[in-house]
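Here are my notebook entries from a walk through this structure. Have it open beside you and follow along.

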Amino acid sequence: MDLFEYQGKQYFARFGVPVSPGGIATSPQEAVELAERLGYPVVVKAQVQVGGRGKAGGIKLAGDAEQARAHAGSILGMDIRGHVVRRVWLERASDIEREYYASFTLDRGAKDHLAMVSAKGGVEIEQVAAEDPAAITRLHIDPYTGFSEAQAQRLVADAGLDERARPGAAAVLVSLYRCFTEGDADLVEVNPLVLTTDGRVKALDAKVTLDDNAAFRHPEWEEFAGTAELDERERHARRAGLQYVGLDGFVGIIANGAGLAMSTCDVVNQVGGRPANFLDIGGGASAEVMASALEVISSDPSVRSIFVNIFGGITRGEEVANGIVTALGRVDIKVPMVVRLDGTNAEEGREILRTVESEMVISSPNMMDAARKAVDLAGSGK
Amino acid sequence: MSIYVDEKTRVVVHGLTGGQARFHGLRNRDYGTNVVAGVNPAKGGQDVEGIPVFATASEAREATGANASFVAVPAKVAPGSVLEAAAAGIDLIVCITEGIPAQDEARVYSELRHKYPSVRLIGPNCPGVISPGKCNIGITAGEIARAGGPVGIVSRSGTLTYQALYELKQMGIGVTTCVGIGGDPVPGTTFVDCLAAFEADPSTRAVMLIGEIGGTEEEKAAAFIADRVTKPVVAYIAGVTAPPGRRMGHAGAIISGNKGTARAKMEALGEAGVKVALNPTEAGELMAQLVRAL
């Protein structure tokens, strides 16, 4: 789950990463009231999960109430690279002397944690990496032994941060690492990390990706879940507890297992169609899950045919087929559906499917043939 | 022969007394696996259908000579079970648990490397390991696989692996060992580990590798194959149509920026001389051609 900047800053604050006091506004009036409390000048920042906000005019400085109202008015509702701004974050403007960069991520290749620090902050780190890779100092951290204060001090020195920023920056890194590990994040990134003219070091931005697998030990994440940037189909699927990702095609996909579901999207594409979604219903393929999946797919107006691709392992073909039959009794599908059922007791399963076969429900045992049929049916449904 | 497990493997099942662990543990025993013990701190001294249950993995190992652990307990407690098994002196730990937080996974992997460097962890979030006809630890339906050889399989996906086992069986092709390394970001065992083991196993004469988007393990496998693997390899990579920045079911199946795409993996493998299939069916057909020509 990706957090908005304001949520990331709230999360940082919990672990002692210094941020400027601020608040969130959803209307120009709220923005003015907030700005009056914070004191001028204030920065008004668009809350969207996409880079390049500044260039798009989504970050503005306001010196008085009139400016705060005008900036909030122009930024709210703005479309920044396809993301509509629904909230602005206001904080007291900082007197910036220098801008740095700091992040912690999981390095999958090395199976450890990776810290990255640069004295060149305030610009996209990918750009720094491409133009001046030596300007980024990397440190691999053993997740078992952790990240010490001494390592933090060495890291900020190696990265060439200004002398007077180093103690503050090292302290920020230690807190940020705690936020990363104890906070169960996949990524914490501060860009820019600033040195103010009065010698303080703080996070002026916050990019945080939380690990959904750790939600069970973070009840406080509930408040973040409501604001997640999902499309209507994805909200529906999430409520139903399904592993669903919306795509932009027209063949609805239901498969069991993440690998098979991805593969099903791929073969639909290979035979000339486009998948409308990725949907993994898991190993069990019960009637309940199948019915929820059909409901979500059927509510998607771009879907012109459905491809159900199930490989029976421990769950046998007849159980899968009974699940499909029951689900079809509960959900009224409006577009044709092709079912490919293979694996354990597939023949017995297909026998059961014969009872519901029609123009709308077609059984096809071979994955590639089934994909072709689903794509053909989507075409004729135009 | 086979890799990692064989007819001599003796398995202790964590949490054998209930849930997934009981269901799959008993299935594994029915398949013919030596399931010799269960562990449950509150139920030591009891038994599950004749399999003795001990309070700790250590007691289980001492009493039964168990040398492999099957961890199928929930994500909250699975890291503890993995470390307990390692501390008890078990060499091979198979963890099928899905949903373990990435930070726990990274810490456990690192702790194993520090304190128990000889322990092999397979998983988490995987279907397990099966040497057909000899030993099955995990959730694979054993009957869909044909025993013997000459193919070894290593895969990040569950269902795609079952499909591969099943299609090979229908073509009369056997499998030495099939290792599901799992779909999480920090797998205990990697493609490279399995390729090295298959290369050293005389009865494995060809390898099927099933990968997916996310991470760089397939690229590492390609480099290893080019350098060190003399046996022919067929590969299939899922997720060609996956959009960047979205997790496709598996925690590890995510394209970050432009890293971890299916295309990059397919190219790397192709350049290493691997036959890369465009769909699962083709992977089976390519393997069948290869096996006939051996």
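**Entry 1: salt bridges between the chains.** I count a salt bridge when a side-chain nitrogen of Lys or Arg lies within 4 Å of a carboxyl oxygen of Asp or Glu. By that rule I find three salt bridges between chain A and chain B. One that I looked up joins Glu234(A) to Arg246(B), with 2.9 Å between the closest N and O atoms.

**A note on the source.** This is a predicted model, and I ask for pLDDT of at least 70 for local features and 80 or more for side-chain atom pairs, while totals for chains, interfaces and linings use all residues. Residues are numbered from 1 along each chain as its sequence is written, chains are lettered from A and ligands numbered from 1 in the order in which they are written, and side-chain values use heavy atoms, with hydrogens and water left out.

**Entry 2: the rest of the interface.** I took contact as heavy atoms within 4.5 Å, and 47 residues of chain A are in contact with 63 residues of chain B. The two chains bury about 4300 Å² between them, 57% of it from carbon and sulfur atoms; this is the accessible area (1.4 Å probe) that two parts lose on being put together, summed over both. On the chain A side, Arg108(A), Lys111(A) and Ile314(A) lose the most area to chain B, together 20% of what that side buries.

**Entry 3: a serine in chain A.** I found Ser118(A) in strand E8 of chain A, residues 112–118; strands (E) are DSSP runs of at least two residues, numbered from the N terminus. Is Ser118(A) buried or exposed? Ser118(A) is buried, at a relative accessible area of 0%, where buried means under 20%, exposed over 50% and partly exposed in between (1.4 Å probe, protein chains only). A polar atom of its side chain lies 2.8 Å from the backbone oxygen of Ala135(A). Leaving out residues up to four places away in sequence, Ser118(A) touches Tyr100(A), Tyr101(A), Ile125(A), Val128(A), Ala135(A), Ile136(A) and Leu161(A).

**Entry 4: cysteines.** How many disulfides does the structure hold over all chains? I get zero, a disulfide being a pair of cysteine sulfur atoms within 2.5 Å. I checked two cysteines of chain B. The sulfur of Cys126(B) is too far for a bond, because the closest cysteine sulfur, in Cys95(B), is 7.1 Å away; Cys126(B) is buried at 4%. For Cys178(B) the closest cysteine sulfur is in Cys194(B), at 9.6 Å, again too far for a bond. Cys178(B) also counts as buried, at 2% relative accessibility.

Note on methods
Helices (H or I, at least four residues) and strands (E, at least two) are DSSP runs, numbered from the N terminus. A polar contact is a pair of N or O atoms within 3.5 Å; within protein, one must be able to donate a hydrogen and the other to accept it, and residues adjacent in sequence count only if both atoms are side-chain atoms.
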